[in-house]
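Have a look at the model first, then read on.

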Amino acid sequence: MKKTTYILPVLVIAVVGVLSSVFVVDEREKALVLQFGQIKAVKEQPGLSFKIPLIQEVVKYDDRILSLDTDTIEVTPSDDRRLVVDAFARYRISDVVQFRQAVGVGGIRVAEDRLQSILNAQIREVLGADQVTSDTILSENRRGLMTRIRDQARASARSLGVEVVDVRLKQTNLPRQNLDATFARMKAEREREAADEIARGNEAAQRVRALADRTVVETLSEAEREAQVTRGEADAKRNAVFAEAFGVDPEFFAFYRSLQAYETALKGGNSSMVMTPDSEFFDYLKNDRAAE
């Protein structure tokens with residue numbers, strides 16, 4: 001019984017010691033074995049590895065390509081037209097020993113802070129270089145500028161044990177105050193163009209209306225002239241007919257003209273005439289004349 005009492009704790013301690021001395025390196029990781037803060041081994045191949053329990057510790061780092069979004073910064077190209085630039089980078093830890101020595105216990109967080117400073121400095125340097133204007137940044141030459149930023153950032157990031165795989169400019173815009181001013185200027189230009197179009201339209205409409213009014217006046221004048229000519233010709237023919245009728249039968253012509261005068265003068269209404277009964281106007285209304 002006493003023997004079993006001693007053996008069991010020893011076995012437990014042995015198992016714990018073995019388990020604490022074994023660690024697994026994933027294929028997506030790199031590991032450092034540290035002893036009192038000093039690097040004792042580098043484990044870059046996946047699989048089981050061993051360390052001294054309680055004395056040594058294992059620090060693992062991601063071996064995949066990582067992403068870093070930089071803060072938005074303002075740059076001033078050579079044409080002094082300020083731009084707001086937002087970029088992102090792809091990077092990976094290329095030298096885990098140098099990475100540990102550069103960032104210490106801060107790890108990825110410290111590395112990304114320093115890498116972001118490098119990227120911002122290179123973005124300002126490349127985009128602010130001579131002969132690089134805002135139009136160049138917004139044109140197809142943008143790819144070449146991103147390549148320059150990547151190459152220069154890659155050279156600066158080697159001291160961190162980091163390899164910059166790629167750098168991309170996500171967006172390049174005018175600052176908000178400049179953007180508002182640009183929109184206001186564009187709006188004013190469009191309103192001016194609209195006012196010019198409206199003025200030209202009104203001018204064209206006035207010309208059309210003036211031409212239409214002149215056409216109406218000319219048409220009415222021509223129609224009135226033709227009507228006057230027609231009426232004159234009709235009156236002439238009527239007078240000729242009357243003259244011919246008067247020459248053939250003066251008595252009948254006098255009778256016809258009297259009937260027309262009666263029709264005109266004796267229409268219904270409030271008209272009143274005061275004449276003597278023996279007036280010539282009533283000559284054909286007398287019984288004795290009617291008997292003839």
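A quick term before we start: a residue is buried under 20% relative accessible area, exposed over 50%, and partly exposed in between (1.4 Å probe, protein chains only). This is a predicted model, where local features need pLDDT of at least 70, side-chain atom pairs count only at pLDDT 80 or more, and totals for chains, interfaces and linings use all residues. Residues are numbered from 1 along each chain as its sequence is written, and side-chain values use heavy atoms, leaving out hydrogens and water.

**Salt bridges**

- There are 16 salt bridges in the structure, each one a side-chain nitrogen of Lys or Arg within 4 Å of a carboxyl oxygen of Asp or Glu.
- K170 pairs with D69, with 3.7 Å between the closest N and O atoms.
- K170 sits in strand 9 (residues 162-173) and D69 in strand 6 (residues 66-69), so this pair ties together parts 101 residues apart in sequence; strands here are DSSP runs (E, at least two residues), numbered from the N terminus.
- R150 bridges to D151 at 3.0 Å; R150 is partly exposed at 22%, and so is D151 at 37%.
- K30, D63, R92 and E163 are linked in a salt-bridge network.

**Nonpolar patch**

- F36, I52, L54 and I55 make a nonpolar surface patch with about 500 Å² of accessible area together (Shrake-Rupley method, 1.4 Å probe; for residues, only the protein chains shown count as cover).
- Patch members have over 30% relative accessible area and no salt bridge; nonpolar side chains (Val, Leu, Ile, Met, Phe, Trp, Tyr) are joined within 5 Å, like charges within 9 Å.
- I52 is in the loop between strand 4 (47-50) and strand 5 (56-62), and is partly exposed at 40%.

How values were computed
Helix = DSSP H or I, 4+ residues; strand = E, 2+ residues; numbered from the N terminus.
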